[in-house]
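Visitor: I have a new model open on my screen and would like to learn how to read it. Could you walk me through it?

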Amino acid sequence: MNHYDLLRGLHILAVIAWMAGLLYLPRLFINHIANRDKPQVVEVLSGMERRLLRFIMNPAMIAAWLFGAGLIYSNVHDRFGWKFFYEPWFVVKMIGIVLITGYHHFLAVRFKKLQRGEDIGSEKFWRIANEIPAIIAIVMVIAVTTEMFTI
């Protein structure tokens with residue numbers, strides 16, 4: 001079996017799980033904010049938020065990073081050498097990864113604030129913020145899968 005294809009498949013699966021969490025957690029925040037006056041609903045949503053972050057999003061992010069690093073290592077040592085580091089698509093992808101990781105940490109901080117009863121923004125803010133990872137992912141996928149960002 002080709003180890004590169006296995007790494008790529010595992011990386012894609014990890015990214016899918018991570019993106020699902022990044023898109024779902026803000027939706028939970030919206031429901032949490034809308035139901036602040038209902039303690040039983042807030043308790044259920046808080047548990048869902050915590051489990052999503054701890055058991056899906058954090059492990060998926062770590063796996064995506066590790067499998068991605070494995071792909072870079074494989075590309076450098078087995079396939080292309082260092083030249084792909086200078087490809088515009090790779091630079092766009094790396095910028096996207098940093099942005100997505102930053103967004104993940106932004107959500108984690110907001111989760112902690114929400115658990116303490118602090119204000120984390122309006123429902124409208126979270127409806128807009130919910131689009132951020134999708135936009136970044138679209139740019140990254142287009143950069144990697146097309147020649148739009150190739151020298």
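Visitor: How many helices and strands does the protein chain have?

Guide: Start with the secondary structure. This is a predicted model, and its protein chain has five helices and zero strands. Along the sequence the pattern reads α-α-α-α-α.

Visitor: What does the C-alpha trace span along its principal axes?

Guide: The span is about 55 × 30 × 20 Å. As for the surface, the accessible area of the protein chain is about 9,100 Å², and 67% of that belongs to carbon and sulfur atoms.

Visitor: What share of the contacts joins residues at least 24 apart?

Guide: Take the contacts between residues at least 6 apart in sequence: 79% of them join residues at least 24 apart.

Visitor: Now the interior, please. What percentage of the residues is buried, and which residues have the most contacts inside the largest nonpolar core?

Guide: The general idea is that nonpolar side chains tend to be buried together in soluble globular proteins. Here, buried residues account for 38% of the 151 in the protein chain. The largest nonpolar core has 30 residues, and Leu-22, Leu-25, Phe-29, Leu-107 and Trp-126 have the most contacts inside it. Two or more residues of this core come from each of α1, α2, α3, α4 (123–129) and α5. The biggest contribution is that of α1, with nine residues.

Visitor: Which residues does Trp-126 touch?

Guide: Setting aside residues up to four places away in sequence, Trp-126 touches Pro-26, Phe-29, Ile-30, Ile-33, Phe-106, Leu-107, Arg-110, Ile-120 and Gly-121.

Visitor: Let's turn to pockets. How much space lies in the largest pocket, and which residues lie nearest its centre?

Guide: For a pocket, look at volume, then at lining. The largest pocket holds about 980 Å³ of space. Its lining has 31 residues, with His-11, Leu-71, Trp-89, Lys-93 and Val-144 nearest the centre. By residue type, the lining divides into 23 nonpolar, four polar and four charged.

Visitor: Which element gives the most to that lining?

Guide: That is α1, with eight residues. At least two lining residues come from each of α1 (3–34), α2 (39–79), α3 (88–115) and α5 (132–145).

Technical notes: Residues numbered from 1 in each chain as written. Predicted model: local features only at pLDDT ≥ 70, side-chain atom pairs only at ≥ 80, totals over all residues. Heavy atoms only, no water. 1 Å grid on protein atoms, 1.4 Å probe; cavity = no way out; pocket = protein on both sides within 12 Å on 5 of 7 lines; lining within 4 Å. Points joined across faces, edges and corners; volume = space filled by probe spheres on them. Helix = DSSP H or I, 4+ residues; strand = E, 2+ residues; numbered from the N terminus. Nonpolar A, V, L, I, M, F, W, Y, C, P; charged D, E, K, R; others polar. Core = buried A, V, L, I, M, F, W, Y, C linked by side-chain atoms within 4.5 Å. Buried < 20%, exposed > 50% of the residue type's maximum accessible area, 1.4 Å probe, protein only. Contact = heavy atoms within 4.5 Å. Areas by Shrake-Rupley, 256 points an atom, 1.4 Å probe, with all protein chains shown as cover.
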